[in-house]
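Please describe the structure shown below in a short report. Cover the overall layout, the core, and a few local details.

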Amino acid sequence: MDRHAYQAALPQVGMKGQERINSAKVMIIGVGALGSVVAELLCRAGIRDITLCDYDIIEESNLQRQGLYTTGDLSRLKVEAAKEHLIAIDPLCLVATIAEPFSSQTDMRGYDLIIDGTDSLDARLLINDVARRSDIPLVIGTASGTRGMVFAVTGSPCWQCVMRGKSATDDCDSGVLGSATHAIASLQASVALRVLLGDAPKDLIEFDAWNMELRSILVERNHSCEACRGLYQHLSPGLRFCASATRALARAPRVLHLDKIKEGLQVEKDYGTAILIKLGEGTALIHQHGTIEFSGVDGAEAKRFAEKMLK
Ligand SMILES: [Zn+2]
């Protein structure tokens, strides 16, 4: 029996719909808790042209929720490990990888759909701007704690309309439930298939995987939304910093020359695209793409270090 027979048998899909799915070209930005699960579901659903964009490496603390990876993948680039697993699932799936942060310069030609799997407030606004500018549908997912949201941007209203001028302040949540990120990723995959079949849901969906609450929220166009007026102000984000009790994160949209940085620091581990250094009682993982992840470092000290490095 055909690999996709059970899906094509659905009245919502059919043979025509399955052909549409098989011929779609999708970019997945961020292949962590959300993106890796969406990638797997879309690959199994029959999407055979997938581009994965992520600069990150797989750490042990990712394995609690990042469904595509195993212990054998530790320290590998997420896009490389994900590519291997997707091709093992469906050898006919063409997988391209971009091991860099997504930017307004990323080539978006030919894509039918973008999946936001970044779980970063900043990146999401940038992706929203790029999707609106290139007129490509976008399926956004967010997850934190036990809950999350899914929203399809197919024109107006867009994600910036949802945010209604609220600025991105904190994406340093310290806890997240693996079943919540899987549930949100699963909803994202459903929405993605509906978008490709010309039946994009209009509502924003909010789901709590602990209290079992699902809400559909009608989003209206925000008439002061810049993106909906063709003004894309998030295409070049500046330095951002956030800290929680356990970790801190700093991001600058520029490449860091690790060889130079290494000279003045004591390097604990060198991953090629990132270096781990000791900082006070804790550590800092410095990525070449301009993100620094701090662990066990006082917030003020982390901020001082980030400003010095990312200036
Ligand atoms: Zn908008």
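Leaving aside its neighbours within four places in sequence, which residues is Leu113 in contact with? In this predicted model, the contacts of Leu113 beyond those neighbours are Ala24, Val26, Ile136, Pro137, Val139, Ala192, Val195 and Leu196.

Leu113 also belongs to the largest nonpolar core, which has 87 residues. Leu113 is among the members that touch the most other members, together with Ile28, Val38, Ala39, Leu42, Ile50 and Ala192. Helix 7, residues 178–196, gives the most to this core, with 11 residues. Both domain 1 (5–229) and domain 2 (240–310) contribute residues, so the core lies between them. In soluble globular proteins, nonpolar side chains tend to be buried together.

The overall layout is as follows. The domain assignment divides the protein chain into domain 1 (5–229) and domain 2 (240–310), and their C-alpha centres are 27 Å apart. The chain contains nine helices and 14 strands. For 311 residues, a compact globule would have a radius of gyration near 19 Å, and the protein chain agrees with this at 19 Å. The C-alpha trace spans about 60 × 45 × 40 Å along its principal axes. Of the 311 residues, 41% are buried. Among contacts with a separation of 6 or more, 66% are between residues 24 or more positions apart.

| Side of helix 2 | Residues |
|---|---|
| Buried | Gly17, Gln18 and Ile21 |
| Exposed, turned away from the buried side | Met15 and Lys16 |

The buried residues of helix 2, Gly17, Gln18 and Ile21, fall within an arc of 100 degrees when seen down the helix axis, so they line one face. An α-helix has 3.6 residues a turn, so residues three or four places apart point the same way. Helix 1 (5–8), helix 3 (35–45) and helix 7 are included in what covers the buried residues of helix 2.

A further detail concerns a loop residue. Is Tyr55 buried or exposed? Tyr55 is buried, because 20 other C-beta atoms lie within 10 Å. This residue sits in the loop between strand 2 (49–53) and helix 4 (78–89). Leaving aside neighbours within four places in sequence, Tyr55 is in contact with Ala99, Glu100, Pro101, Thr273, His287 and His289. The C-alpha atoms of Tyr55 and Thr291 are separated by 9.9 Å, although the two residues are 236 residues apart along the chain.

Definitions and conventions:
Residues numbered from 1 in each chain as written. Predicted model: local features only at pLDDT ≥ 70, side-chain atom pairs only at ≥ 80, totals over all residues. Domains from an automatic or database assignment. Helix = DSSP H or I, 4+ residues; strand = E, 2+ residues; numbered from the N terminus. Rg over C-alpha atoms; globule rule 2.2 N^0.38 Å. Buried ≥ 20, exposed ≤ 12 C-beta atoms within 10 Å, placed from the backbone. Contact = placed C-beta atoms within 7 Å. Core = buried A, V, L, I, M, F, W, Y, C linked by C-beta atoms within 7 Å. Arc of directions from axis to C-beta.
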